[in-house]
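Hello,

Please find the structure below. My notes on it follow.

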Amino acid sequence: MSIIQQQDLIDSITDALQFIANYHPRDFIQAMSAAYQREQSPAAKDAIAQILVNSRLCAENNRPICQDTGIVNVFVKVGMQVQWQADMSLEDMINEGVRRAYLHPDNVLRASIVADPVGSRTNTGDNTPAVIHTELVLGNKVEIDIAAKGGGSENKAKFTILNPSDSLVDWVMDTVPKMGAGWCPPGMLGIGIGGTAEKAMLMAKQSLMEAIDIQELIDRGPETATEKLRVELYHKVNQLGIGAQGLGGLTTVLDVKIKDYPTHAASLPVAMIPNCAATRHVHFVLDGSGPAEFTPPALDDWPDITWQAASNTRHVNLDTLTAADIQAWQPGETLLLSGHFLTGRDAAHKKIADLLSKGAPLPEGLDFHNRFIYYVGPVDPVPGEVVGPAGPTTATRMDKFTELMLAETGLLGMIGKAERGQQAIEAIRKHQSVYLIAVGGAAYLVSKAIKQSRMVAFEELGMEAIREFYVENMPVTVAVDSRGQSVHETGPKLWQQKIAEIPVKVEPV
């Protein structure tokens with residue numbers, strides 16, 4: 001029998017969340033490094049380089065990999081011989097650990113959880129509550145898998161119930177392109193097969209806690225039907241040419257994980273959940289001897305690469321930019337931005353739309369005329385920082401506001417991540433605007449370009465408030481040009497054709 005102290009669990013949860021916020025798992029670093037070495041698409045290789053440089057910078061400076069520090073997912077296996085010395089419930093102990101992690105004075109993590117989700121959507125302020133799954137098992141230990149899941153990848157979760165005779169591979173291959181790039185590839189795909197609807201989703205999420213080992217599996221050769229399916233999907237998804245950040249390239253997934261469970265003879269439930277380029281999870285065990293300890297990867301685990309813009313990169317002064325200037329920008333072109341722009345995302349856009357619908361003025365000092373807006377919700381800064389990690393959020397959530405913003409505020413252009421929907425692309429074309437992307441998964445690297453920050457409007461929205469940033473040489477890519485041409489459409493198509501010319505051995509299921 002083991003006696004688990006309440007404080008040991010709380011401290012372990014706190015330390016685990018701080019750890020995974022700042023450190024990629026070693027297997028992820030190795031897989032991403034391998035993807036960088038084999039990548040032939042210049043745009044995708046550049047994006048992977050930024051992700052890896054960002055990862056190392058975060059490890060060196062103990063800062064979050066991504067500004068979206070996630071919703072906390074916890075899988076707990078409690079041995080039936082465990083005895084607790086605690087005056088709190090298991091759920092309360094875990095949430096207390098979450099609270100302390102996200103409010104840690106040396107490294108405050110962004111609180112992203114809102115209560116009353118179909119009502120006021122009020123931020124809980126400390127990222128609680130976590131999503132907790134508990135299982136009683138044999139033994140005298142407590143095993144915990146904990147992850148921080150970003151909204152961009154979580155929002156791309158998919159579920160279906162196929163007929164038993166349907167092709168699961170066909171469903172995956174039809175679904176992945178429709179997921180777009182908002183999940184920040186390259187990452188992992190977790191797939192749950194069987195059980196019931198909720199069981200399949202749970203297995204898909206659990207599978208993402210496993211180590212990346214697809215290359216070892218390929219090298220030794222798949223043996224079971226599930227292993228063969230993993231290898232087949234890994235090759236076929238990468239043959240789609242979606243690539244890093246959806247720009248087109250050789251690597252879209254680093255691994256495909258599958259868990260299955262017996263199911264009803266009339267059903268084939270299938271769930272698929274992606275993990276992004278800010279993969280964050282860790283496993284630990286409590287046996288009564290004290291709190292868990294976490295060892296960071298060695299700095300030698302990161303590849304010896306640096307990121308710098310190409311010599312022909314266009315330098316843009318945002319403070320003198322005109323509508324005529326942006327007409328020359330081409331899809332896929334890299335820019336270095338300097339000057340001032342505004343920030344804002346979902347909640348701020350909703351407030352602006354509500355004011356404009358009532359004929360009310362925007363808050364004093366808020367003027368979008370001839371300016372860019374950056375879709376971002378940054379982490380709070382620590383001493384010595386202007387702003388904390390400040391990577392882009394998924395732009396498609398702002399699509400429904402794009403026509404309004406371009407037509408009624410004088411907005412010149414937008415910066416975010418991933419593709420835009422047809423509604424937004426049509427508005428961009430109509431108003432001869434432009435949409436740029438920064439690399440999702442390079443939040444700390446992006447923040448280094450931000451030299452000044454000031455509050456402009458809606459301070460009560462916290463991380464979603466509108467700020468003005470002054471940046472120097474912030475790297476972005478032209479994703480949609482003023483004619484409505486999207487690199488997220490042209491890039492993957494081009495690389496799908498190129499990949500089709502490369503022979504790949506696919507093991508049949």
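**Notes on the model**

Asp 399 is found in helix 11, residues 399–408 (helices are DSSP runs of H or I with at least four residues, strands are runs of E with at least two, and both are numbered from the N terminus). This is a predicted model, in which local features need pLDDT of at least 70 and side-chain atom pairs count only at pLDDT 80 or more, while totals for chains, interfaces and linings use all residues. Residues are numbered from 1 along each chain as its sequence is written, and side-chain values use heavy atoms, with hydrogens and water left out.

Asp 399 is buried, with a relative accessible area of 8% (buried means under 20%, exposed over 50%, partly exposed in between, with a 1.4 Å probe and protein chains only). Its side chain reaches the backbone nitrogen of Gly 421 at 2.7 Å. Not counting residues up to four places away in sequence, Asp 399 touches Arg 420, Gly 421, Gln 423 and Ala 424 (contact means heavy atoms within 4.5 Å).

Next, the nonpolar cores. The largest has 34 residues, of which Ile 13, Leu 17, Ile 144, Ile 146 and Phe 284 touch the most other members (a nonpolar core is a set of buried Ala, Val, Leu, Ile, Met, Phe, Trp, Tyr and Cys residues joined through side-chain atoms within 4.5 Å). Two or more residues of this core come from each of helix 1 (6–22), strand 2, helix 4 (90–102), strand 7 (142–149) and strand 12 (281–286). Helix 1 gives the most, with eight residues. A second, separate core has 28 residues, including Leu 366, Ile 425, Ile 437 and Val 480.

Leu 17, one of the residues named for the largest core, touches Val 72, Val 98, Ala 101, Tyr 102, Leu 109 and Ile 146, again leaving out residues up to four places away in sequence.

Ser 12 also lies in helix 1. Ser 12 is buried, at 0% relative accessible area. Beyond its neighbours within four places in sequence, Ser 12 is in contact with Phe 284, Leu 286, Pro 291, Ala 292 and Phe 294.

Two exposed residues sit in loops. Met 80 is in the loop between strand 2 (71–79) and strand 3 (82–85), and counts as exposed at 52% relative accessibility. Ser 311 is in the loop between strand 12 and strand 13 (314–317), and is exposed, with a relative accessible area of 82%. From C-alpha to C-alpha, Ser 311 and Ala 328 are 18 Å apart in space, and they are 17 residues apart in sequence.

Regards

Methods:
A polar contact is a pair of N or O atoms within 3.5 Å; within protein, one must be able to donate a hydrogen and the other to accept it, and residues adjacent in sequence count only if both atoms are side-chain atoms.
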